[in-house]
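Please keep the sequence and the structure in view while reading.

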Amino acid sequence: MNESNASSRVTTASEASTYAARVEVQHPGAPWVNKIVIRLYVRDSSAEGVATAVREVASAAVADPDLKDSDLTFIAYEGRPEENSQIDDLRIMGSVSEIVGGKGVEGILDLTAADIRRLAGDQ
């Protein structure tokens, strides 16, 4: 996966609610284990604002060649990427999961590929 290209596509799709969306592939536990993380730099740091950004990314992800049929993990930050050190993630993902589904705890929201398809269909 070209993370830069995927990031560009989801940033464009979510520009109404985010300053940027960064896609990265992490390898928890072993090099062959892939976890796709999307870091959202949101304009509105409320639970509803982050939920809107997640929905916009979901709509793009279902058709994206690199993201379709993938489980996604979201982490949200307030403001522009250059203004945020990635230390101060928003600790509201439990509240966001009450809005969009999935499993959210503190700073992390995990959505299955089925969750992503459902959200995209809700648009």
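In this predicted model, Glu48 is partly exposed, with a relative accessible area of 42%, and its side chain forms a salt bridge with Arg55, the closest N and O atoms being 3.2 Å apart.

| Salt bridge | N to O distance |
|---|---|
| Glu48 and Arg55 | 3.2 Å |
| Glu24 and Arg39 | 3.0 Å |
| Asp115 and Arg118 | 3.9 Å |

Arg39 counts as buried, at 11% relative accessibility.

Asp115 and Arg118, by contrast, both lie in helix α4, three residues apart, about one turn of the helix. Asp115 is buried at 16% relative accessibility, whereas Arg118 is partly exposed, with a relative accessible area of 35%. A polar atom of the Asp115 side chain also lies 2.9 Å from the backbone nitrogen of Thr112, and, leaving aside neighbours within four places in sequence, Asp115 is in contact with Gly102 and Asp110.

Turning to the nonpolar packing, the largest core has 27 residues, and those with the most contacts inside it are Ile38, Leu40, Val54 and Phe74. Among the elements that give two or more residues to this core are β1, β2, β3 and α4, while its largest share, seven residues, comes from α2. Beyond neighbours within four places in sequence, Phe74 is in contact with residues including Ile38, Leu40, Val54, Met93 and Ile116. A second, separate core of five residues includes Ala20, Val37, Ile75 and Tyr77.

Technical notes: Residues are numbered from 1 along each chain as its sequence is written. This is a predicted model: local features need pLDDT of at least 70, side-chain atom pairs count only at pLDDT 80 or more; totals for chains, interfaces and linings use all residues. Side-chain values use heavy atoms; hydrogens and water are left out. A polar contact is a pair of N or O atoms within 3.5 Å; within protein, one must be able to donate a hydrogen and the other to accept it, and residues adjacent in sequence count only if both atoms are side-chain atoms. Contact means heavy atoms within 4.5 Å. A nonpolar core is a set of buried Ala, Val, Leu, Ile, Met, Phe, Trp, Tyr and Cys residues joined through side-chain atoms within 4.5 Å. Buried means under 20% relative accessible area, exposed over 50%, partly exposed in between (1.4 Å probe, protein chains only). Helices (H or I, at least four residues) and strands (E, at least two) are DSSP runs, numbered from the N terminus. A salt bridge is a side-chain nitrogen of Lys or Arg within 4 Å of a carboxyl oxygen of Asp or Glu.
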